[in-house]
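Thank you for making time this morning.

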Amino acid sequence: MTTDPLTIAREKIGCADLLVTFSGAGLSTESGIPTFRDASTGLWANYDPAKLASQEGFQADRRLVIEWYGSRRKMIAEAPPNPAHIAIADFETWHPGRIVNITQNIDGLLQRAGASSVLELHGTLFEDRCNSPHCSHRQPVDLDEEVVLVDCPRCGAPMRPAVVWFGEMLPQDVWRQSDQACRRCDVLLVIGTSGAVYPAAGLVDVAKAHGASVIIVNPEPTPLDHLADAVFHEPAARIVPGLLEDHNAAG
Ligand code: BJW
């Protein structure tokens, strides 16, 4: 009987009726996108991402926040999906109905790799929404347009990226579906998240408490590691294809 952790993890995935991936910014590192906590690099090095990604930050300096999102949007639009995104999308192609992808990422790269079963816990960078709590207007973002301050065509309040800021509720339907998937899954594959942001990180507890095997891929230790059956301290693009691709090739 093998004791190789990679082989054991691969076998667990191969036997799973339902595999759930739960990803964070580290999934997209190898696409060239800085992680959330590294997002303020270059021109933005002096700004704290946790302050910019908040209603308080938006109220204090709307233009600054919109320009920060504009620069990230441009970088993300030009970034290619990496081998980890592609392996996840391919798994869904080979095993439809056996995988659900819960992501905290707003970059749309799983979808661009071809995955359709994607639950975006923290929204998307590719739509704007009205900042008024009384208006539900949303609209796609024109990536070719210069960064401009836009008001809601329905109610006149400021438009903002359709992402979830600190102190805001997660989209309730997405949260409910994610919670249900974690209760049902046989394996939870946690990729590239610091596990620092709640309620998202609590999904790992949910899956574990309902009997799932938890596999973590992250070059650094995280506060979730104690819940894991296997931890791979490796970059996602190096390890995720190896975990998933055998099953794809085998059909
Ligand atoms: C690699 C790699 C490679 C590198 N391969 N890996 C309970 C306790 C304490 C606090 C709270 C709590 N419940 C709620 C809170 C408050 C707050 C919170 O969690 N705060 C913590 C910071 C303490 N949560 C909220 O406010 C949430 N809302 C909420 O709780 O509503 C309920 C409520 C509302 C009102 C009143 C009362 C209750 C909302 C959270 C929204 C998070 N939004 C953001 C911004 C999105 C838009 C944007 O991007 O600008 O989402 S914050 C940011 O963090 C972003 C991410 O999705 C999220 C998670 O970050 P992630 O993805 O883990 O990235 P990093 O950068 O942290 O880590 C990257 C990892 O990758 C690292 O570990 C690297 O090692 C690794 N890595 N290279 C694999 N190659």
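Which residues line the largest cavity? Before I answer, please keep in mind that this is a predicted model, in which local features need pLDDT of at least 70 and side-chain atom pairs count only at pLDDT 80 or more, while totals for chains, interfaces and linings use all residues. Residues are numbered from 1 along each chain as its sequence is written, and side-chain values use heavy atoms, with hydrogens and water left out.

The lining of the largest cavity is made up of Leu27, His85, Thr103, Asn105, Asp107, Gly108, Leu109, Leu110, Gln111 and Val118. By a cavity I mean a set of points, on a 1 Å grid over the protein atoms alone, where a 1.4 Å probe fits but cannot get out, whereas a pocket is an open set with protein on both sides within 12 Å along at least five of seven lines; in either case lining residues have an atom within 4 Å of a point. One cavity of 30 Å³ or more is counted, and the largest holds about 40 Å³ of space, a volume being the space filled by probe spheres set on the points, which are joined across faces, edges and corners. Helix α6, residues 109-113, gives the largest share of this lining, with three residues; helices here are DSSP runs of H or I with at least four residues, and strands are runs of E with at least two, numbered from the N terminus.

Let me move to the largest pocket, which has a volume of about 950 Å³. It is lined by 46 residues, and those nearest its centre are Gly24, Ala25, Phe36, Arg37 and Asn105. The largest share of that lining, four residues, comes from α4.

What takes up the space of the largest pocket? It is the ligand, where sitting in a pocket requires that more than half of a molecule's atoms lie within 2 Å of its grid points. Around the ligand there are 34 residues, with Arg37, Tyr69, Gly167, Thr193 and Ser194 the closest, a residue being near if one of its heavy atoms lies within 4 Å. Helix α4, residues 62-77, again gives the largest share of this shell, with three residues.

As for individual atoms, a ligand nitrogen is 3.1 Å from an N or O atom in the side chain of glutamate 30, and a ligand oxygen is 2.8 Å from one in the side chain of histidine 122.

Finally, a cis peptide bond joins tyrosine 198 and proline 199, with omega about 5°, and proline 199 is found in the loop between β7 (187-191) and α8 (202-209).

Definitions and conventions: Polar contact = N/O pair within 3.5 Å; in protein donor to acceptor, adjacent residues only side chain to side chain.
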